[in-house]
Amino acid sequence: MISKTSLAQHIRHKVTIENVIDELPESTRRHVRTLEFRNPFTHEPRPGQFVMVWLPGVDEIPLAISRIGDLLAITVYAVGDCSKKIAALEKGASLGVRGPLGRGFTPPKEGERVLMVSGGTGAASLLPLAESVRRKNPVVFVLGARTRTELIFRKRLESICDLRICTDDGSEGFKGFASEYADKILHTERFNRAYACGPEAMMKQVMVSAKNTVTPAEGSLDRYIKCAMGICDACAIGHLHVCTDGPVFDRDTLLSIPEFGVSRLSQSGLREKIP
Amino acid sequence: MIQVELAGLKLKNPMMNASGVLSVSSATLIEGAKYAGAVVTKSIGKDERPGNPNPTVVWYEAGVLNAMGLPNPGIHGFIPEIREYLASVKDTPLICSIFASTPEGFAELAKIAEDAGVHAIELNLSCPHEKGVGMEIGSSPDHVREITSAVKKVCRVPVFVKLTPNTDNIVKLASAAEDAKADGIVAINTLRAMHIDIWFRRPVLASESGIGGLSGPAILPVGVRCVYEIYEAVDIPVVGAGGVSKWEDAVEYILAGASAVQVGTALLGGNWQLIPSMCERIEEYMKKEGINDFKDLVGAAHKA
């Protein structure tokens, strides 16, 4: 059996933050920030993979890789204690990172017309995929947010794909969830493949729409991750683990897991409903 | 298949997971039951507990260090997982690991778990890095005796006592458990250890002390020695644990005196399939060595 993870992926590297980018205007209540650092790993990450980011004395949390190249980036939404502290770091600060971890997105075949659907900060893991396939695949990117000032990566996406904007409040583009818009165009436009990342209820809708339109699809899950090596069971979903079997799972796997979009394990291991 | 009987439990093979490894979610335990002779839950306490912040795990050349900090949903939060397991698995015993800080606390948890339907209890007297529980109370033969005795008074299902190697005399602990009518011993838990990141110049594990427990191949010889010593001193069955990553390691434990073997770190990556593949190789070994009965293998190193 091929091991799902290796020792080399779990060495903690100390990296220096080379650049910081604020992704949302200052007036927005939410704080989303991208931090760039030189790739310390022996391998280049694949789109959809994640890193465990260690802020010594605070915590270590999983974050999607939002840029791939000599410089890697993580994009953090300041929501918890650790993510707030990471988002507050400035150029020159240090972080520990291990990775790249997990199973990324399956790349589309050359020429396939691709749909990407994101909600909130879910765009962080889809952006490197869009960037990596842009020369070989037409990409329609559905970027969803609560309101127009919370749309992230808009400029980077506009230049590389057919960007469709959705806002919950209708302040720009389609009024409604990204999944509702995706359902509409999956039925009216032809796509060879779909990818989704965002709130789990939204992803579940996209997977259902993809199944109804016989479109191969994958979604990337977010869970409380501790060991990141498939041993502690903190990120269990069904009999699988988000850290080593995911975070990206194919449509049928996701739809076969009763917990998908329904429940998850908390930090203690208590099963809780997904809001 | 090497079927074994362990303290009255019927196991389809002599291998199980070690507590804390792949043992929180019922779906994971149900998956494990396809492969293992029994499955052991994460250590469960009375109240919900988030555990330590990350990093909780370090993997490096010598093995794996962890300081999870006994995260668990609390016994009442865990009962739905127990019920789901019992509703879907019929042929693989579920062993519930529990931890508390007093004999009464252990007895209360054991009774709740037994009432929920678990087939056996494992007493965690050996977690190496949390205050007031685990090895802090499990390093004294008197405490081991009191706790075991309190649990045995209220429980009908078999009770296993998991011991710490972080002591000057694990044999005395095992004898104390046997005196108190324990049904079996599990040896060993992890070894107290530390890893320091040289670039950040600090311990990596986020436990208060920076200390965690070492598991993996490095601790195999320590575990085999412990089981060998315990087997000579007690008549109750011993379950070997610590550093098993290939079939030969499991056979070492069995020859030292283990009636069953737990696998922990080697299941990394959700690798339950390792268990049946080891069992197959152990069967081949028995054939090759002309041993028909698994019982003849248990403790065979002592007769040589």
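This is a predicted model: local features need pLDDT of at least 70, side-chain atom pairs count only at pLDDT 80 or more; totals for chains, interfaces and linings use all residues.
**Notebook: two chains, their contact and some elements**

I began with the chain contact: 37 residues of chain B touch 34 residues of chain A.

Next I looked up which elements of chain B face chain A. Helix 1 (26-33), strand 5 (57-60) and helix 2 (75-88) of chain B each give at least two residues to that side. Helix 1 of chain B has the largest share, with four residues. I also sorted the residues on that side of chain B by type and got 19 nonpolar, 12 polar and six charged.

**Chain A, domains**

The contact between them uses 21 residues from domain 1 of chain A and 18 residues from domain 2 of chain A.

Which strands supply the domain 1 side? I found strand 4 (50-55), strand 5 (59-67) and strand 6 (71-77) of chain A, each with at least two residues there. Strand 5 of chain A makes the largest contribution, five residues. By type, this side of domain 1 has 12 nonpolar, six polar and three charged residues.

**Chain A, sheet**

I then traced the sheet in chain A. Seven strands make an open sheet, ordered 1-7-4-5-6-3-2, with antiparallel pairing. Strand 1 (13-16) and strand 2 (19-22) of chain A are at the edges with a single partner strand each, so each has one side with no neighbour in the sheet. From one strand to the next, I get an average twist of 40 degrees.

Strand 1 of chain A pairs with strand 7 (residues 94-101) of chain A through four bridges, in the antiparallel sense. Across from H13(A) I found V97(A), in strand 7 of chain A.

What lies across strand 5 and strand 6 of chain A? I found helix 2 (residues 123-133) of chain A there, at about 35 degrees to strand 5 of chain A.

**Chain B, helix 5**

Last, I checked the length of helix 5 (residues 141-154) of chain B. Its 14 residues should span 20 Å at 1.5 Å a residue, and the end C-alpha atoms are 21 Å apart, which agrees.

I listed its buried residues too: V144(B), R145(B), I147(B), T148(B), A150(B) and V151(B). The buried residues of helix 5 of chain B pack against helix 3 (103-116), strand 8 (120-124), helix 4 (135-138), strand 9 (159-162) and helix 6 (170-179) of chain B.

Notes
Residues are numbered from 1 along each chain as its sequence is written. Chains are lettered from A and ligands numbered from 1 in the order in which they are written. Two residues are in contact if their C-beta atoms, placed from the backbone, lie within 7 Å. Ala, Val, Leu, Ile, Met, Phe, Trp, Tyr, Cys and Pro count as nonpolar, Asp, Glu, Lys and Arg as charged, and the others, Gly among them, as polar. The expected span of a helix is 1.5 Å times one less than its number of residues. A residue is buried if 20 or more other C-beta atoms lie within 10 Å of its own, exposed if 12 or fewer, and partly exposed in between; C-beta atoms are placed from the backbone. Two strands pair if DSSP finds at least two bridges between them. Axes are lines fitted to C-alpha atoms, for helices over the stretch in contact, and angles run from 0 to 180 degrees between N-to-C directions.
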